[in-house]
Amino acid sequence: MIKAVFLDRDGTIVNEPTGPNKGDDAITSISQLKVLPHAIDGMKKMIELGYTLFIASNQDCINRGQITMKEYDQQNKVLITVFTENNIKIEKWLVCPHTPEENCECRKPKTEMIDSIKNDYQIDFENSYYIGDRETDILLAKNLKLKSILVKRNEEYYINTNIVPDFKAENLVEASKFIKSLKGN
Ligand SMILES: [Mg+2]
Ligand SMILES: [Zn+2]
């Protein structure tokens with residue numbers, strides 16, 4: 001069994017562009033791709049603690065035609081270069097390209113993105129985490145019985161008060177400290 005940390009991408013690892021929706025906009029060009037402060041250190045720490053990292057991202061901008069899947073992969077290649085320089089390995093990049101109207105089974109908070117890797121990885125869900133900046137991330141964690149950590153997006157927590165994450169963290173370094181404290185070493 002492996003312990004995993006599943007991470008959201010936009011607003012969690014990279015900056016979500018601030019547009020008319022107040023930081024609720026798709027990344028449509030590589031120039032908008034900015035790794036958030038603390039993201040590298042936080043992910044490094046999680047790996048040191050023995051966790052395998054996965055990224056699971058809703059990208060409805062793909063099926064809305066704002067970017068192609070190929071462009072999304074190119075964005076991730078840039079990130080992989082930065083991560084590799086820092087000895088960070090992302091085991092698998094998972095993506096849902098669908099719009100809510102398409103009613104797929106993989107758009108968070110539905111579980112298909114993560115269910116799809118269950119045959120390839122024996123994951124200790126109870127001792128694994130989902131970290132994200134939206135309530136859909138927290139709901140996904142709850143649907144999978146993962147521990148949930150909400151991080152700030154653009155300096156604020158965005159969540160409906162009736163959805164309670166296991167922990168709220170300023171950034172991924174603080175999240176890694178919480179994971180360490182629960183691990184007890
Ligand atoms: Mg996000
Ligand atoms: Zn989907």
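What follows is a walk through the predicted model above, from the whole chain down to single residues.

This is a predicted model, in which local features need pLDDT of at least 70 and side-chain atom pairs count only at pLDDT 80 or more, while totals for chains, interfaces and linings use all residues. Residues are numbered from 1 along each chain as its sequence is written, with chains lettered from A and ligands numbered from 1 in the order in which they are written.

Let's start with the overall picture. The chain's secondary structure comes to 6 helices and 6 strands; here helices (H or I, at least four residues) and strands (E, at least two) are DSSP runs, numbered from the N terminus. Read from the N terminus, the order is β-α-β-α-α-β-α-β-α-β-β-α. The C-alpha atoms fill a box of roughly 45 × 35 × 35 Å along the principal axes. A compact globule of 185 residues would have a radius of gyration near 16 Å, and the chain agrees with that at 15 Å; the radius is taken over C-alpha atoms, and the globule rule is 2.2 Å times the number of residues to the power 0.38. Of the 185 residues, 34% are buried. A residue is buried if 20 or more other C-beta atoms lie within 10 Å of its own, exposed if 12 or fewer, and partly exposed in between, with C-beta atoms placed from the backbone. As for contacts, two residues make one if their C-beta atoms, again placed from the backbone, lie within 7 Å. Among contacts between residues at least 6 apart in sequence, 63% join residues at least 24 apart.

Now follow the strands. Two strands pair if DSSP finds at least two bridges between them. Strand β1 (residues 4–7) runs parallel to β4, joined to β4 by 3 bridges, and L7 stands opposite I131. On strand β4 (residues 129–132), Y129 and I131 point one way, Y130 and G132 point the other way, and all are buried. β4 also pairs in the parallel sense with strand β5 (residues 147–151), over 4 bridges. Here Y129 stands opposite K147, and I131 faces I149. The path between these two strands passes through helix α5 (residues 135–144), and β4, α5 and β5 make a right-handed β-α-β unit. Right-handed means that, with the strands pointing away from the viewer, the path from the first strand over the helix to the second runs clockwise.

Strand β5 is mostly covered, with 5 of its 5 residues buried. K147, I149 and V151 lie on one side and S148 and L150 on the other, so that both faces are covered.

Next comes helix α6 (residues 172–183), whose 12 residues reach 16 Å from the first C-alpha to the last, close to the 16 Å expected at 1.5 Å a residue. The expected span of a helix is 1.5 Å times one less than its number of residues. Which residues of α6 are buried? They are L172, A175, S176 and I179. These cover an arc of only 100° around the axis, which puts them on the same side of α6; the arc is that of the directions from the helix axis to the C-beta atoms. What covers them includes α1 (39–48), β4, β5 and β6 (167–169).

Helix α3 (residues 69–85) gives a second example. Its 17 residues should span 24 Å at 1.5 Å a residue, and the end C-alpha atoms are 25 Å apart, which agrees. Y72, Q75, L79 and F83 are buried in α3. They cover an arc of only 85° around the axis, and so lie on the same side of α3. An α-helix has 3.6 residues a turn, so residues three or four places apart point the same way. The buried residues of α3 pack against α2 (60–63) and β3, whereas on the other side K70, D73, K77, T81, T84 and E85 are exposed. α3 is followed by N87, with a positive phi near 60°.

Finally, some backbone details. The peptide bond from K108 to P109 is cis, with omega near 15°, and P109 sits in the loop between β3 (90–96) and α4 (112–115). H38, in the loop between β1 and α1, has a positive phi near 80° though it is not a glycine. With 18 C-beta neighbours inside 10 Å, H38 counts as partly exposed. N154, in the loop between β5 and β6, also has a positive phi, near 45°, and counts as partly exposed because it has 15 C-beta neighbours inside 10 Å.
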